[in-house]
Amino acid sequence: MTTTFSGQLASIRLPTFTVPSLPPSHTRSPQETNRLKERIRRLLQEQNAVLVAHYYTDGDLQDLAEETGGCVADSLEMARFGTEHPASTLVVAGVRFMGETSKILNNEKRVLMPDLAATCSLDEGCPIDLFSRFCDEHPDYTVVVYANTSAEVKARSDWVVTSGIALPIVRHLAERGEKILWAPDQHLGRYVQRMTGVEMLLWPGSCVVHEEFRAEALEQMMQRHPGAAVLVHPESPQTVVDLADVVGSTTALIQAVRDLPNPEFIVATEPGIFNKMKQVAPEKTFFVAPTAGEGATCESCARCAWMAMNSLEKVAEVLESGTNEILVSPQLAAKARVPIQRMLDFAKEMKKKEQTSKKG
Ligand code: 13P
Ligand code: SF4
């Protein structure tokens, strides 16, 4: 493999993969939805199971997770929640890397997912053989990988990060004088570089959803909504990030909706997040930031087809059949756990310091 650099971006030919089309939205009546939720409630109880959902999944599923004592969260909190909850089965509604992370951290628990085909373009664009060779070619670099990767890639890394904690971890490593190899999301990597001033070697992966947001069309939308705050997930292109009032993880964007006084928000991330945003600020109005197209808001372009594979029907089915179990060998899990645990310990320590400084 030849590796050349344009700036710090590695020129590597990534594998091609197919992005599925969005599944049709359900046609259930509210009564049928309630019956389905009731069935899942009973199954969760019978099987000592808990539902852990990401903010991008179907709104009914997010609501049920919270109503039944589970959680709806970003990928960092989803990982942490499973380790602290006493349930023996975790039903992880999200994409595959989220189920794998739960299994890695809870090898003794059963982890089920509504659909095992729900993957992520970042994970697909960072296969272990290619990645491992790249790391081998740069032995003096500390390998930092985004959580949106396979168990094998995590096992090959020194640190796992999510968008919620990438900045302080990279700052911490740079203070120790470490050179950083970052994978797989180039846009998030570029954002981290700019915010920390730390030059990194970037894997050229990207999120097929966030990459679609367009700066020019966003500017036009901002002119039509001068009172709106612009919230952007850092997996978006730099030109879009540059227009943001707030850049951050899904949790940070929800927090911004709570904190900012604006009556309107233009949001550059997956619109599944609106379920929680509307819950925390029912009086406010939300718009999906425009994706490819002449200033048009094309909602389907901003939807993650893999996240959309999760549904109440599939949650009920996997609980009834016990299928779609995530399996990670204990040896692989032990290796992959090290960099994930490093991140969780770092997050815990950081929270402790924040609390102490608030008290003092
Ligand atoms: P968060 O960690 O911010 O939840 O993001 C996960 C993700 O897949 C964003 O596309
Ligand atoms: Fe992956 Fe992008 Fe979907 Fe998040 S939105 S799961 S990064 S493809």
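Biologist: How do you know that E7 and strand E8 pair in the parallel sense?
Modeller: In this predicted model, E7 and strand E8 (residues 159–161) share three bridges in the parallel sense, and since pairing requires at least two bridges between strands, the two count as paired. One of the positions involved is Tyr146, whose bridge partner in E8 is Val161.

Biologist: What makes strand E9 a partner of strand E7?
Modeller: The same criterion of at least two bridges applies, and five bridges join E7 (residues 141–146) to E9 (residues 179–183), with the strands running parallel. Val145 has Ala183 in E9 as its bridge partner. Ala183 is also where the peptide bond to Pro184 is cis, with omega near -10°, and Pro184 itself lies in the loop between E9 and helix H9 (186–196).

Biologist: What is the strand order of the open sheet of four strands?
Modeller: The order is E12-E11-E13-E14, with parallel pairing. Within this sheet, strand E12 (246–247) and E14 are the edge strands, as each pairs on one side only.

Biologist: Why is the crossover from E13 to E14 called right-handed?
Modeller: The strands first: E13 (residues 264–268) and E14 (residues 285–288) pair in the parallel sense over four bridges, and Glu264 stands opposite Thr285 in E14. The chain passes from E13 through helix H13 (residues 274–280) to E14, a β-α-β crossover that is right-handed, and the term is used because, with the strands pointing away from the viewer, the path from the first strand over the helix to the second runs clockwise.

Biologist: What makes the chain as compact as a globular protein of its length?
Modeller: The chain has 15 helices and 14 strands. Its radius of gyration is 20 Å, close to the 21 Å that the globule rule gives for 360 residues, and therefore the chain is as compact as a globular protein of that length. Along its principal axes, the C-alpha trace spans about 55 × 55 × 55 Å.

Biologist: Which domains does the assignment give, and where do their centres lie?
Modeller: The domain assignment gives domain 1 (27–142 + 150–157 + 304–360) and domain 2 (210–303), and their C-alpha centres lie 25 Å apart. Twelve residues of domain 1 are in contact with nine residues of domain 2, where contact calls for C-beta atoms within 7 Å. On the side of domain 1 that touches domain 2, the classes are seven nonpolar, three polar and two charged residues.

Biologist: Why is ligand 1 said to lie between the domains?
Modeller: Domain 1 (27–142 + 150–157 + 304–360) and domain 2 (210–303) both give residues to the shell around ligand 1, so the ligand lies between them. The residues around ligand 1 include Asp74, Ser75, Asn148, Cys207, His233 and Glu235, and by class the shell divides into two nonpolar, eight polar and two charged residues.

Biologist: Which residues come nearest to ligand 2, and how does its shell divide by class?
Modeller: Of the 14 residues around ligand 2, Cys120, Ser121, Cys207, Val209 and Cys304 come nearest, while the shell has nine nonpolar, three polar and two charged residues. At least three residues of this shell are drawn from each of domain 1 and domain 2.

Note on methods: Residues numbered from 1 in each chain as written. Chains lettered and ligands numbered in written order. Predicted model: local features only at pLDDT ≥ 70, side-chain atom pairs only at ≥ 80, totals over all residues. Near = placed C-beta within 6 Å. Nonpolar A, V, L, I, M, F, W, Y, C, P; charged D, E, K, R; others polar. Domains from an automatic or database assignment. Helix = DSSP H or I, 4+ residues; strand = E, 2+ residues; numbered from the N terminus. Contact = placed C-beta atoms within 7 Å. Rg over C-alpha atoms; globule rule 2.2 N^0.38 Å.
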